[in-house]
Amino acid sequence: MKPQLLKVSNHPINSFNVRRDNLPYINNRWHYHSEVELIYFKKGNGTQFIGDSIKRFRSGDVILVGAHLPHYWKFDEVYFSDEQKNHADVVVVHFGEHFWGSTFLNLPENKSLKLILEKAQRGVVVQDKSKKHIGELIESILDAEGTKRIILLMEALLAIEVNAQTNLLSSMGFRHNFEETENDRINAIYNYSLANFKRKIQMEEMASVANISPNSFCRYFKSRTRKTYTQFISEIRVGHACKLLIEDSMNVKQICYESGFHNFASFHKHFKMITGKSPLTYQKSYLQK
């Protein structure tokens, strides 16, 4: 997708920005910015794209995205319907890495703060129950004033580094360095894949979308994304399967075919390879929460 540089606006009396979003299409595009982003999905489910990582996000998640790391929160279609029961509630904090001064992070007492911001360059997701407490800290920044705003932000970041179980998202090799013409081509590939992943997609078809020869497509895609197109489309399909497993409205074989896999053995293999769990184990882990 074409990453767009966004300018995050700050209130003149504040050193960093915090806001509450209730609309699922706010910044609903592949973008990046010079600020670090700390986001709390109080309500909202969908697919997240962070660097070269594709995973599900769900209500309660806390994620930290480093400066200039492209990302995209694609809310599920249900949030775009007219039903009032399905609405997003997201708190987003944007801050410059050095808004507290150029030497602050080099103080020996701030080793943990510096470390979590270094990890953020790959994207960080909180995995354990501490995300509830961290989410509450993030939400409390909305109503805080003065020095208390900075203290709460520091507490949230320290809680992620010191107290939480976390995973890094994007690979070490990912670099956002596409030229403008390449952005258009990658954008076309991503959008076409998201719209058609439920059926079998031929390489010749994708080569036509990218406007390059079939022999060049696979090599081109891997050189730009650090993964094969087969890996990429499998991640999209598994992400969709995760959504259906959590919703628990179909059996596993139905989910297999609804997600674009054409045999159960292939579905099981790719699901376990990407999530580390079998489909039923994954479903059980969520339904027991």
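Biologist: Where is N211 found?

Modeller: One thing to keep in mind before we start: this is a predicted model. N211 is found in the loop between α5 (203-210) and α6. At 65% relative accessibility, N211 counts as exposed.

Biologist: What is the value of phi of N211?

Modeller: Phi of N211 is near 60°, a positive value in a residue other than glycine. Another case is D248, with a positive phi of about 55° although D248 is not a glycine. D248 is found in the loop between α7 (229-247) and α8 (252-258), and at 44% relative accessibility D248 counts as partly exposed.

Biologist: Which residues of α6 are buried?

Modeller: Residues count as buried under 20% relative accessible area and as exposed over 50%. In α6 the buried residues are F217, Y220, F221 and T225. Seen down the axis of α6, these buried residues fall within an arc of 100°, so they line one face of the helix. The face turned away from that buried side carries the exposed residues N215 and R219.

Biologist: What about P214? Where is its place, and how far is P214 from E204 in space?

Modeller: P214 has its place in helix α6, and P214 is partly exposed, with a relative accessible area of 41%. P214 and E204 are 10 residues apart in sequence, and their C-alpha atoms are 5.3 Å apart in space.

Biologist: Which residue 105 residues along the chain from L168 has its C-alpha 9.9 Å away?

Modeller: That is I63: its C-alpha and that of L168 are separated by 9.9 Å. L168 has its place in strand β11 (residues 166-168), and L168 is partly exposed, with a relative accessible area of 34%.

Biologist: Now for the rings. How many aromatic pairs are there in the whole structure?

Modeller: A search of the whole structure finds 22 aromatic pairs. One of them is F57 with F75, an edge-to-face pair with 5.2 Å centre to centre and 80° between the planes. This pair links distant parts of the chain, F57 being in strand β6 (residues 53-57) and F75 in strand β8 (residues 71-75), 18 residues apart. F57 and F75 are buried.

Biologist: And why is the pair of F264 and F267 called tilted?

Modeller: Planes under 30 degrees apart count as stacked and over 60 as edge-to-face, with the rest tilted. The planes of F264 and F267 are at 55°, so the pair is tilted, and the ring centres are 6.0 Å apart. Being three residues apart in helix α9 (residues 264-275), F264 and F267 are separated by about one helical turn. F264 is partly exposed, with a relative accessible area of 30%, whereas F267 counts as buried at 0% relative accessibility.

Biologist: Which residues do ring pairs link into a cluster?

Modeller: The cluster linked by ring pairs holds F16, F95, F99, W100 and F104.

Biologist: Which charged end sits over the ring of F264?

Modeller: The charged end of K253 does, 6.0 Å from the centre of the ring of F264. In another case, the charged end of R185 sits over the ring of Y220, 5.3 Å from the ring centre.

Biologist: Last, what is the count of disulfides?

Modeller: A disulfide is a covalent bond between the sulfur atoms of two cysteines. The count here comes to zero disulfides. As for cysteines, C242 is buried, with a relative accessible area of 5%, and C256 counts as buried at 0% relative accessibility.

Terms used: Residues are numbered from 1 along each chain as its sequence is written. This is a predicted model: local features need pLDDT of at least 70, side-chain atom pairs count only at pLDDT 80 or more; totals for chains, interfaces and linings use all residues. Side-chain values use heavy atoms; hydrogens and water are left out. Rings of Phe, Tyr and Trp (its six-membered ring) pair if their centres lie within 6.5 Å; planes under 30 degrees apart count as stacked, over 60 as edge-to-face and the rest as tilted. Helices (H or I, at least four residues) and strands (E, at least two) are DSSP runs, numbered from the N terminus. Buried means under 20% relative accessible area, exposed over 50%, partly exposed in between (1.4 Å probe, protein chains only). A charge sits over a ring if NZ of Lys or CZ of Arg is within 6 Å of the ring centre and within 35 degrees of the ring normal. A disulfide is a pair of cysteine sulfur atoms within 2.5 Å. The arc is that of the directions from the helix axis to the C-beta atoms.
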